[in-house]
Amino acid sequence: MSPDIHQTCPHCRALVQSSICSICGKTAFEEVAPQATAPQRKWHDGLENNELRKLGIGVLAILMLVGGVAFILTRTDTAPTANALPPPTATTPERAEPTSSEAAPSLAGGAKPTSGFLPGAPREVSEGLSPWETPPPIDFVTGLLLDESIDYAVDIDETAELLSYFPAALSLSELDPPELLTFDGSVDAEQIESTQPFAARTLSRDDGLEVGELWLIASSGSDAGDAYLSAARARWNVDTAVEQYAPEVGVRLWLLAADATVNLWAGNLTLDSMVLVQAPIGVEPSILTDVLKAWRRNAA
């Protein structure tokens with residue numbers, strides 16, 4: 001009996017009409033060989049061994065970096081130990097106070113006690129100097145060391161000339177002793193007057209009764225003198241006066257400060273000068289304005 005016309009060869013799947021396949025030459029009774037399946041391609045096919053090694057090292061480095069960052073961001077700080085450091089110990093050396101014979105001499109001298117509001121600018125007189133050094137000049141207005149490069153010669157002459165016009169109603173005399181008192185002690189009045197356009201005199205009546213102490217600050221119109229006068233007007237600012245005395249137009253005194261014994265009056269002698277007077281509270285301001293008017297007439 002012949003095979004079915006629709007029979008297929010089990011080896012090549014071709015249609016056969018006889019027991020022998022005309023395509024592959026095999027019969028239906030021969031053993032069918034299993035079909036070979038193509039191997040499945042993997043992701044690393046085509047990569048060489050050194051490329052795989054580099055890839056692995058890169059992946060490992062990335063994992064380590066990510067792990068390190070995660071550890072830093074998520075770790076908790078260890079609480080400090082209270083007793084981690086030794087207790088502090090005193091380091092200030094102890095020494096005995098010097099006796100009176102060993103104490104360093106005072107460079108400023110014996111300062112007379114200041115009373116009330118004496119308005120000299122605060123300063124440290126001769127502090128930090130060796131016993132053989134001379135204290136540098138002090139700017140009496142600002143209290144700082146005087147800039148010795150500034151020349152006040154013409155302004156000092158102007159101050160001396162204005163003093164020479166002082167009227168005879170009262171008399172002027174040198175300070176005795178020649179010291180200007182401040183809150184920080186005394187300074188040499190002669191040194192101040194020889195280096196700055198400033199003068200200090202004692203005011204007295206004809207009978208010798210002391211009226212007070214007068215300070216004069218003047219400028220000749222130089223840049224240095226104008227700067228010194230501006231600093232003085234800022235230091236003793238009449239805008240802060242507690243009282244004014246003006247007996248007539250153009251004549252005015254400003255009371256800058258007062259205590260139980262002394263008044264501090266300020267006035268203008270000329271446009272380029274100012275006058276400060278420390279007078280006992282019993283001195284009438286009219287006495288000072290009369291002197292100021294006569295002084296202006298002499299200086300005109």
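# Reading a predicted fold

Analyst: Arg201 and Glu193 are both buried. Buried stands for a relative accessible area under 20%, exposed for over 50%, and partly exposed for what lies in between, using a 1.4 Å probe and protein chains only.

User: Where do the numbers come from?

Analyst: This is a predicted model, in which local features need pLDDT of at least 70 and side-chain atom pairs count only at pLDDT 80 or more, while totals for chains, interfaces and linings use all residues. Residues are numbered from 1 along each chain as its sequence is written, and side-chain values use heavy atoms, with hydrogens and water left out.

User: How many helices and strands are in the chain?

Analyst: Helices (H or I, at least four residues) and strands (E, at least two) are DSSP runs, numbered from the N terminus. This chain has 5 helices and 9 strands. Along the sequence they come in the pattern α-α-β-β-β-α-β-β-α-β-β-β-β-α.

User: What part of the chain is buried, and what is its accessible surface?

Analyst: Of the 300 residues in the chain, 29% are buried. Accessible areas come from the Shrake-Rupley method with a 1.4 Å probe, and for residues only the protein chains shown count as cover. The chain's accessible surface is about 20100 Å², and carbon and sulfur atoms hold 56% of that.

User: How is a salt bridge read?

Analyst: A salt bridge is a side-chain nitrogen of Lys or Arg within 4 Å of a carboxyl oxygen of Asp or Glu. The whole structure has 4 salt bridges. In one of them, Arg201 and Glu193 bring their closest N and O atoms to 2.8 Å.

User: Which residue forms a salt bridge with Glu248?

Analyst: Lys293 does, with the closest N and O atoms 2.8 Å apart. This pair links distant parts of the chain: Glu248 belongs to strand E6 (residues 243–248) and Lys293 to helix H5 (residues 285–299), 45 residues apart. Glu248 counts as partly exposed because its relative accessible area is 38%. Lys293 is also partly exposed, at 24%.

User: Which other residue forms a salt bridge with Lys293?

Analyst: Asp290, where the closest N and O atoms are 3.9 Å apart. Both residues lie in helix H5, separated by 3 residues, about one turn of the helix. Asp290 is partly exposed because its relative accessibility is 44%.

User: How is a sheet read?

Analyst: Two strands pair if DSSP finds at least two bridges between them. Here 7 strands make an open sheet in the order E1-E4-E5-E9-E8-E7-E6, with antiparallel pairing. Its edge strands, E1 (171–173) and E6, each pair on one side only. From one strand to the next, the twist averages 30 degrees.

User: How many bridges join E6 to E7?

Analyst: There are 4 bridges between these antiparallel strands. E6 and E7 form a hairpin with 2 residues between them, and Gly250 in the turn has a positive phi of about 90 degrees. Strand E7 (residues 251–258) also pairs with strand E8 (residues 262–267), again antiparallel, over 4 bridges. Trp254 has Ala266 in E8 as its bridge partner.

User: Which helix packs on the sheet, touching E4, E5 and E9?

Analyst: Axes are lines fitted to C-alpha atoms, for helices over the stretch in contact, and angles run from 0 to 180 degrees between N-to-C directions. Contact means heavy atoms within 4.5 Å. Helix H2 (residues 153–164) lies across E1, E4, strand E5 (210–218) and strand E9 (273–280), at about 145 degrees to E5. The helix you asked about is H4 (residues 223–235), whose direction makes about 40 degrees with that of E9.

User: Why is Ser204 buried?

Analyst: Ser204, in strand E4 (residues 198–204), counts as buried because its relative accessible area is 12%. Beyond neighbours within four places in sequence, Ser204 is in contact with Leu170, Ser171, Leu209, Glu210 and Val211.

User: Which residues form a nonpolar patch on the surface?

Analyst: Patches are made of residues with over 30% relative accessible area and no salt bridge; like charges are joined within 9 Å, and nonpolar side chains (Val, Leu, Ile, Met, Phe, Trp, Tyr) within 5 Å. Leu65, Val69, Phe71, Ile72 and Leu73 form such a patch, with about 560 Å² of accessible area together. Leu65 sits in helix H1 (residues 49–74) and is exposed, with 59% relative accessibility.
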